[in-house]
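The following questions and answers go through a two-chain model. Each answer works towards the value or name that was asked for.

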Amino acid sequence: MTTRTLAVVSAGLGVPSSTRLLADRLTASTVDALRERGVPATVEVVELRQHARSLADNLLTGFPDEGLRGAVDAVVGADGLIAVTPIFSASYSGLFKTFFDVLDKDALAGKPVLMGATAGTARHSLALEHAMRPLFAYLRATVAPTAVFAASEDWAGANTGDPALTGRVRRAAEELADLVAGRPPTAPVDPFADPTTSFEDLLRG
Amino acid sequence: MQFGIFTVSDITTDPTTGRTPSEAERIKAVLTIARKAEEVGLDVFALGEHHNPPFFSSSPTTTLAWVAAKTSRLQLSTSTTLITTNDPVKIAEDYAMLQHLADGRVDLMMGRGNTGPVYPWFGQDIRNGIELAVENYALLRRLWTEDVVDWQGKYRTPLQGFTSTPRPLDGVPPFVWHGSIRSPQIAEQAAFYGDGFFHNHIFWPKEHTQRMVEYYRRRYEHYGHGAADQAIVGLGGQVFMRKNSQDAIAEFRPYFDVAPVYGHGPSLEDFSRETPLTVGSPQQVIERTLGFRDYVGDYQRQLFLIDHAGLPLKTVLEQLDILGEEVVPVLRKEFAALKPAHVPDAPTHASRVAAAGGATDSTVHAPADSVTGQVQAVEAR
């Protein structure tokens, strides 16, 4: 079986970050679920905090610098994406949005995506459905039905955390694994390949 | 190889003095810069076309005609001519006229324009940008190469028996370059016609330039115009020079930091690493520029942007002195030594007339014109 790649985008700002913690849980669970389906997977994590300045520069210059370019290529080239953000002011964080703003609008078309979010209280949980899901719908990604939200109380208790959270993580990971395993590996699109329509066709309009 | 400068005609506040030149002052400054370009031994002066502040150059042929009258050797070009929103009929007429006034020292660079709002000002829609570039240019070529044109298309009213005047000088239209940062369709268009391809090569990482030029060369060969390394390539570049590189950096930084396009973003050092911007000594500019050849191959035209972001005229003229005295003579020699014999030079009017088998008088006399009395002459032919 071809090895698949998972990209993980974490917009957490703290170190350590509960957003990254949730991202890691989702990632580990997805890798397990893929393995159960006989699909080996590799993981590339993009911590947006490290690209905060580059993202602002990209907004102004129109292109990613070398470091950010590596992160963008990892996400665009992945077979599946796990995207996790803290909820700020009723929505994904500005840093999270900026990363998706600098991608080409077609870059995530058809890509399996698992969404996650963290916040201080569970009252923010529907931001996933009201803000984040429309973002990925616009980008024409294929989003797993289960999105995972973790509030402070979900992290309470033993090392394993809230059993309900563990269950949601597992369900979401299964959904993403099905989506990733069910489609062919992502082939890079080369805009500079020889054109399929001739220039004569273009001329005829 | 041709060396020159290109300007976008921006009117920008000098951040070191807070002073903004008037339109009148900036227009005169650009005229001075153009004449100086010839005086210091550069080959090309290219002027942009824009239809909104902070730019003045809405009427490039007017400006270039003035420059033509004041110079004798300088090649005049555009950076760029809006093939999308200009009526191709008007481009055909204006640039053929300029070609006559300038004794053939004219070529054009086609571009689509980078502002959405400009399209509706001229009755067009940016979503049709590529289609407009394709259709309008196909018509422009016919207007220059066919004396009488019947034409029907999607984006302008049909033409019946139309003759664009004046006819191109010596029966040979101006050479055309096509400029695009990242649309393969435009590189395809340039390759299809065997025209030149220009990458502005400023404000962007070199990988954009490399991929576009590579594609253009491959497609140029595909369409049978010659080998890939014989395709006609031009590049932009952005430089600021002083004898000591630290002086160059210190003087340019305040302009860089607040410049239109990239200001308030990456540092001068980051931007110099990520894009072809070179701020330093003449020797550093020479080395960086010679390095362009490593990723685009042997190319025919190098234009530098030296007058934007509010730099005062005096400084720009000093930059031209450095280019003319210290940089371009070395680049000319070095590039020439590297270029294989089968790689052509940039086409000029003279080389294109020679390729066409000599000059022809392409004047079209009205066949039934009672004013000029040409009826007899036509019948006698």
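**Helix packing in chain B**

In this predicted model, the axes of α5(B) and α6(B) cross at roughly 15° and come within 10 Å.

Q: Are α5(B) and α6(B) roughly parallel or roughly antiparallel?
A: The two axes cross at roughly 15°. Angles under 35 degrees count as roughly parallel. α5(B) and α6(B) are therefore roughly parallel.

Q: Is the crossing of α5(B) and α6(B) left-handed or right-handed?
A: The axes of this pair come within 10 Å. The crossing of α5(B) and α6(B) is right-handed.

Q: Which residues of α6(B) meet α5(B)?
A: On the α5(B) side, the residues are I130(B), A133(B), V134(B) and Y137(B). The contact divides into 5 nonpolar, 2 polar and no charged residues. From α6(B) come Q185(B), I186(B) and Q189(B).

Q: At what angle do the axes of α6(B) and α7(B) cross?
A: α6(B) also packs against α7(B), in a right-handed crossing. Their axes come within 8 Å. The crossing angle is roughly 35°.

Q: How do the residues of the contact of α6(B) with α7(B) divide into nonpolar, polar and charged?
A: α6(B) brings P184(B), A187(B), E188(B), A190(B) and A191(B). α7(B) brings M212(B), Y215(B), Y216(B), R219(B), Y220(B) and H222(B). The division is 8 nonpolar, 1 polar and 2 charged.

Q: Which element gives the largest share of the side of chain B that touches chain A?
A: The contact takes 14 residues from chain A and 21 residues from chain B. On the chain B side, the elements that give two or more residues are α5 (129-145), α6 (184-193), α7 (206-222) and α9 (268-274). The largest share is 5 residues, and its source is α6(B).

Q: How many residues of the side of chain B that touches chain A are charged?
A: Chain B gives 21 residues to the contact. Among them, 10 are nonpolar and 4 are polar. The charged residues number 7.

**The chains as a whole**

Q: What is the radius of gyration of chain A, against that of a compact globule?
A: The C-alpha atoms of chain A fill a box of roughly 65 × 40 × 30 Å along the principal axes. With 205 residues, a compact globule would have a radius of gyration near 17 Å. The value for chain A agrees with this, at 18 Å.

Q: What pattern does chain A follow along the sequence?
A: Chain A has 7 helices and 7 strands. Contacts in chain A with a separation of 6 or more come to 78% from residues 24 or more positions apart. Read along the sequence, the pattern is β-α-β-α-α-β-β-α-β-α-β-β-α-α.

Q: What is the radius of gyration of chain B, against that of a compact globule?
A: The C-alpha trace of chain B spans about 70 × 45 × 40 Å along its principal axes. A compact globule of 381 residues would have a radius of gyration near 21 Å. Chain B agrees, with 21 Å.

Q: What percentage of the residues of chain B count as buried?
A: Chain B has 13 helices and 13 strands. Among its contacts between residues at least 6 apart in sequence, 73% join residues at least 24 apart. Of its 381 residues, the buried part is 46%.

**Backbone details in chain B**

Q: In which loop is T80(B) found?
A: A cis peptide bond joins S79(B) and T80(B), with omega about 5°. T80(B) is in the loop between β3 (75-78) and β4 (81-82) of chain B.

Q: In which loop is P166(B) found?
A: T165(B) and P166(B) are also joined by a cis peptide bond, with omega about -5°. P166(B) is in the loop between β7 (159-162) and β8 (175-179) of chain B.

Q: Is S9(B) buried or exposed?
A: S9(B) lies in the loop between β1 (2-7) and α1 (23-39) of chain B, and its phi is near 70°. A residue is buried if 20 or more other C-beta atoms lie within 10 Å of its own. S9(B) has 22 of them, so it is buried.

Q: Is D103(B) buried or exposed?
A: D103(B) has a phi near 55° and lies in the loop between α3 (88-101) and β5 (107-111) of chain B. D103(B) has 12, so it is exposed.

Conventions. Residues numbered from 1 in each chain as written. Chains lettered and ligands numbered in written order. Predicted model: local features only at pLDDT ≥ 70, side-chain atom pairs only at ≥ 80, totals over all residues. Helix = DSSP H or I, 4+ residues; strand = E, 2+ residues; numbered from the N terminus. Rg over C-alpha atoms; globule rule 2.2 N^0.38 Å. Contact = placed C-beta atoms within 7 Å. Nonpolar A, V, L, I, M, F, W, Y, C, P; charged D, E, K, R; others polar. Axes fitted to C-alpha atoms, helices over the stretch in contact; angles between N-to-C directions. Parallel < 35°, antiparallel > 145°, perpendicular 65-115°, else oblique. Left-handed = near helix turned anticlockwise from the far one by under 90°.
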